[in-house]
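Open the model in your viewer and keep the selection tool at hand. We will go from stop to stop, and at each one you select something and look.

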Amino acid sequence: MLLNRDNARFAVGVIGNIIALILFLSPLTTFVRIWKSKSVEQFSPVPYLATFINCGLWVMYGLPWVTPSSLLVITINGTGLGIEIVYLTLFLLYSDRKQRTKVIIIVIVEIIFVVALGFVVLTFVHEPKKRAAIVGSICMVGNIMMYAAPLSVMKLVIKTKSVEYMPFFLSFFSFLNGVSWTSYALIRFDAYILAPNSMGTLLGLAQLLIYAAFYKSTKRQMAAREAKGETVMTEKSVSGRVAQNPRNDSRV
């Protein structure tokens with residue numbers, strides 16, 4: 001029975017790894033757009049900063065000196081950490097000076113925090129259960145921050161009635177990721193994984209509902225903007241032709 005439960009947990013963990021990898025890769029289209037336009041436009045760095053520290057904390061939680069038999073936790077969060085470094089690097093390259101400075105400061109603070117936590121826990125706390133309790137409690141906060149981070153653009157969404165800068169796939173796979181890791185934590189109970197991921201499931205669902213509510217208005221705005229752009233181009237073309245032929249008056 002225990003063997004079957006462990007096998008089921010491992011299988012769900014593998015599925016969770018795959019979904020989490022897709023979640024980490026879901027903003028790829030956003031960063032392709034940033035790279036092509038050479039600008040971060042109105043995209044927020046908050047989701048990527050939150051995911052960066054969250055992955056760092058969970059890598060620490062999965063270490064054998066903290067939580068034995070948590071290889072799947074290390075593999076996916078280590079991968080996610082590398083992906084977020086790439087995203088933040090692109091964000092730094094194409095953001096303005098003020099925002100770039102702000103992001104750099106936050107990244108440095110996050111790195112210092114994770115390193116300091118690891119040093120304190122591994123040096124002064126000697127029982128694995130206590131290490132897991134300390135790191136796990138902090139991981140819960142980090143995980144909730146990651147799930148809630150896309151909501152940072154909610155003010156912009158409500159104000160503009162547009163979800164253009166709230167990537168759909170980030171919200172969608174946040175929801176699926178929450179579901180998979182909630183299941184993983186329930187098979188062999190782990191409160192530190194269960195609490196944030198069950199909340200993440202609800203936050204992901206909320207984001208999808210908000211996306212659905214403003215999807216049609218976003219399409220209308222984008223269509224109107226494209227039509228306006230075509231009108232402006234036509235007017236410029238006509239003005240150019242008139243300027244080139246100033247004596248093109250009517251003669252009977």
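**Stop 1: a surface patch.** Select I18, which is found in helix α1. Together with I18 they form a nonpolar patch on the surface. The four share about 350 Å² of accessible area. Keep in mind as you look that this is a predicted model.

**Stop 2: the whole chain.** Zoom out and colour by secondary structure. How many helices and how many strands does the protein chain have? There are 9 helices and 0 strands. Follow the chain from the N terminus and the elements run α-α-α-α-α-α-α-α-α.

The protein chain exposes about 14600 Å². Carbon and sulfur atoms supply 70% of that area. Of the 252 residues, 41% count as buried. Take contacts between residues at least 6 apart in sequence: 78% of them join residues at least 24 apart.

**Stop 3: the annotated spans.** An unreviewed UniProt entry lists "transmembrane region" for residues 12-34, 46-66, 72-94, 103-126, 132-153, 165-187 and 193-215. Select two of them in turn.

- Residues 12-34: the span is 91% helix and 0% strand, and its end C-alpha atoms lie 34 Å apart.
- Residues 103-126: here the chain is 92% helix and 0% strand, with 35 Å between the end C-alpha atoms.

**Stop 4: the salt bridge.** Select R33 and E41. They form a salt bridge, and their closest N and O atoms are 2.7 Å apart. The count for the model comes to 1 salt bridge. Are these two residues buried, exposed or partly exposed? R33 counts as partly exposed because its relative accessibility is 30%, between the cut-offs of 20% and 50%. E41 is also partly exposed, at 31%.

**Stop 5: the largest nonpolar core.** Select L88 and V135. These residues have the most contacts inside the largest nonpolar core, which has 38 residues. The elements that give two or more residues to this core include α1 (2-25), α4 (71-94), α6 (128-148) and α9 (191-244). Which helix gives the most? It is α3, with 9 residues.

Stay on V135 and show its surroundings. Leaving out residues up to four places away in sequence, V135 touches L57, M60, Y61, V66 and V121.

Next, select V153, V157, V163 and F214. They are among the 8 residues of a second, separate core.

**Stop 6: a buried asparagine.** Go to N143, found in helix α6. N143 is buried because its relative accessible area is 4%, and buried means under 20%. Show its contacts, skipping neighbours within four places in sequence. You will find N54, W58, P196 and N197.

**Stop 7: a leucine in α4.** Select L92, which lies in helix α4. L92 is partly exposed, with a relative accessible area of 24%. Which residues does L92 contact, leaving aside neighbours within four places in sequence? They are R100, V103 and I104. Draw a distance from L92 to V103, C-alpha to C-alpha. The two are 11 residues apart in sequence and 7.4 Å apart in space.

**Last look.** Show L92 and N143 together. L92 is partly exposed at 24%, while N143 is buried at 4%. Then bring back R33 and E41, the salt-bridge pair, and turn the model to find the patch of F10, V14, I18 and I22 again.

Notes
Residues are numbered from 1 along each chain as its sequence is written. This is a predicted model: local features need pLDDT of at least 70, side-chain atom pairs count only at pLDDT 80 or more; totals for chains, interfaces and linings use all residues. Side-chain values use heavy atoms; hydrogens and water are left out. UniProt positions are given in the numbering used here, feature names are shortened, and annotations may be inferred rather than shown by experiment. Helices (H or I, at least four residues) and strands (E, at least two) are DSSP runs, numbered from the N terminus. A nonpolar core is a set of buried Ala, Val, Leu, Ile, Met, Phe, Trp, Tyr and Cys residues joined through side-chain atoms within 4.5 Å. Buried means under 20% relative accessible area, exposed over 50%, partly exposed in between (1.4 Å probe, protein chains only). Contact means heavy atoms within 4.5 Å. Patches are made of residues with over 30% relative accessible area and no salt bridge: like charges are joined within 9 Å, nonpolar side chains (Val, Leu, Ile, Met, Phe, Trp, Tyr) within 5 Å. Accessible areas come from the Shrake-Rupley method with a 1.4 Å probe; for residues, only the protein chains shown count as cover. A salt bridge is a side-chain nitrogen of Lys or Arg within 4 Å of a carboxyl oxygen of Asp or Glu.
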